[in-house]
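Work through the following exercises on charged side-chain pairs, with the coordinates open beside you. Each task is followed by a solution that goes step by step.

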Amino acid sequence: MAKFDVAVIGAGAAGMMCAATAAQRGLRVVLIDHAAKLAEKIRISGGGRCNFTNVNAGPANFLSENPHFCKSALSRYTPADFVALVKKHRIGYHEKHRGQLFCDDSAELIIDMLKDECAGGDVHWRMPCKIDSLEQGAEGFVLQTDSGPIEAPSVVIATGGLSIPKIGATDFGYRIAQQFGLRMVEPRPALVPLTFDAQQWAPFVEMSGIALEVDVETGSLKGRNATGARFREDLLFTHRGLSGPAILQISSYWQPGTPIVINLLPELDLAQTLIEGKNTIKKQLGNVLAQWLPARLAEGLLVAHGFALDARLADMPDAQLRKLGAAINQWSLTPNGSEGYKKAEVTRGGIDTRELSQQTMMATKVPGLYFIGETVDVTGWLGGYNFQWAWASGVAAGQAV
C-alpha cells in the first residue's frame, strides 16, 4: 500500500495547481490521471496558445445555482497572482480584447510551468493510471488502481466535466459524488454552438462562414431573479446553426425551448434609418442593406422574412420597414439544441456547491474529500474565466488539505 498525505485525481489545470500548492507546503502528494497525454484541454485551448486567465475575472463572470460560492476562492487567488507565476517562469504573454491573456507561444509552456511547480514540491505521478474504486477506510481513503493500492487521508477530485470526450472527459467526479451521497446540479453542455431545426434553418445554410459583431440575449435581464444575459461578440453562421463567441457565451444561459434574440446591427436603428432615407435613396432594398451587412446575408434575410429582393426602398410602406427593422434589430429564433459535449468548451452544472465549503472546497458531509475545477457547479464565461476558476479552486483546496 502506497501512502500519501493527499491524492489528487485529475492532472488538468485545477489538479496540477492543487497538487503543486499542497506539495510545496511539505505534504506528500500523488497526482493520478487515466490519460497517457497530460493536460490536453490546456494544450488545445486558445487555438494552442492557452487563454490562461482574464484580467477582469470576478464572481459576476460565473454561473452557478449558488452564485456566491465562487467569491472566496476567486478573491484569494486572483488573475494577478497567476500572471505573477507566468512571469516567474518567463513565459511571454499578451492581452487580447476584453482582458483575455494568451501565451505568445505555445500552451505547452503553461503545462511545463505546472509540471515544474509540481516538481518543486516533489509530487509523485501515477499516469496513465486507472482507478477501480475509492473507498473510505479507518485511515482515510483507499484507492484501488491498476498500478497498486493507494492510501491517503485527503482526496481531491479534479476530473473535470463531460466536455470534449475525445480528449478523455469522463463522469468520474460525478460518480464519486453520487457514491458519497452528494447532490448534483444536472450537467449540460456550455460554451457550445447552437443548432436549429433543419427546415427552419434551410434559408440560412448558404450563409455558412459569414461572421459579424452582434448583440445577443436570452432570458430575463431584469429584476433580482434575472436569469438571462446579453453579450456583444462575433457571431458565426454554420451549416447547422450559429456559433462564434456571441453564441458560445449565450449558450451557457440559454434554456431549451426558449428563444435567443439577436441584433445584427447593434449600432443602428434600422427601421428609423430606412424610413428617414425613403425620400433620398433610390436603391433596391437588398443594396441598401448591403451597406451594413454582408451582401449574401442581406439577401438571405430579406428572402427569409418575405421581402422581395428587387423592392425599392422608396416604394416600401413604413409599416413594412418597421417589420424589417425588427427582423434585423430583434431577430428572435429558438434553437432546437446544441452541438453537445463534443463541441462544448465546458460543462455547466456538476457537484452542487451547497455540499462544499467555499473556503476549502471540501465536502462538508465527507471530511477529507474535496472537489475543484469544472467538476463543480461553477461555470465561467468564454475568455479565460474557466482557467481562473481552475487555478483559484485548486489553490484553495491545495492550501486546505
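**Exercise 1.** Determine what kind of contact joins the side chains of Arg232 and Asp215, and where in the chain the two residues lie.

*Solution.* In this predicted model, the N to O distance between the two side chains is 2.7 Å, and because the cut-off for a Lys or Arg nitrogen and an Asp or Glu carboxyl oxygen is 4 Å, the pair Arg232 and Asp215 is a salt bridge.

**Exercise 2.** Explain why the salt bridge of Arg183 and Glu355 ties together separate parts of the sequence, and decide whether Glu355 is buried or exposed.

*Solution.* The side chains of Arg183 and Glu355 meet at 3.1 Å, N to O. Arg183 sits in the loop between α6 (172-179) and β13 (184-190), while Glu355 sits in the loop between β21 (346-351) and β22 (369-371), and therefore the pair ties together parts that are 172 residues apart in sequence. Glu355 has a relative accessible area of 2% and is buried; Arg183, at 46%, is partly exposed.

**Exercise 3.** Classify the exposure of Arg354 and of Asp352.

*Solution.* These two residues form a salt bridge at 3.0 Å, N to O. Arg354 has 44% relative accessibility, which makes this residue partly exposed, and Asp352, at 5%, is buried.

Notes: Residues are numbered from 1 along each chain as its sequence is written. This is a predicted model: local features need pLDDT of at least 70, side-chain atom pairs count only at pLDDT 80 or more; totals for chains, interfaces and linings use all residues. Side-chain values use heavy atoms; hydrogens and water are left out. Helices (H or I, at least four residues) and strands (E, at least two) are DSSP runs, numbered from the N terminus. Buried means under 20% relative accessible area, exposed over 50%, partly exposed in between (1.4 Å probe, protein chains only).
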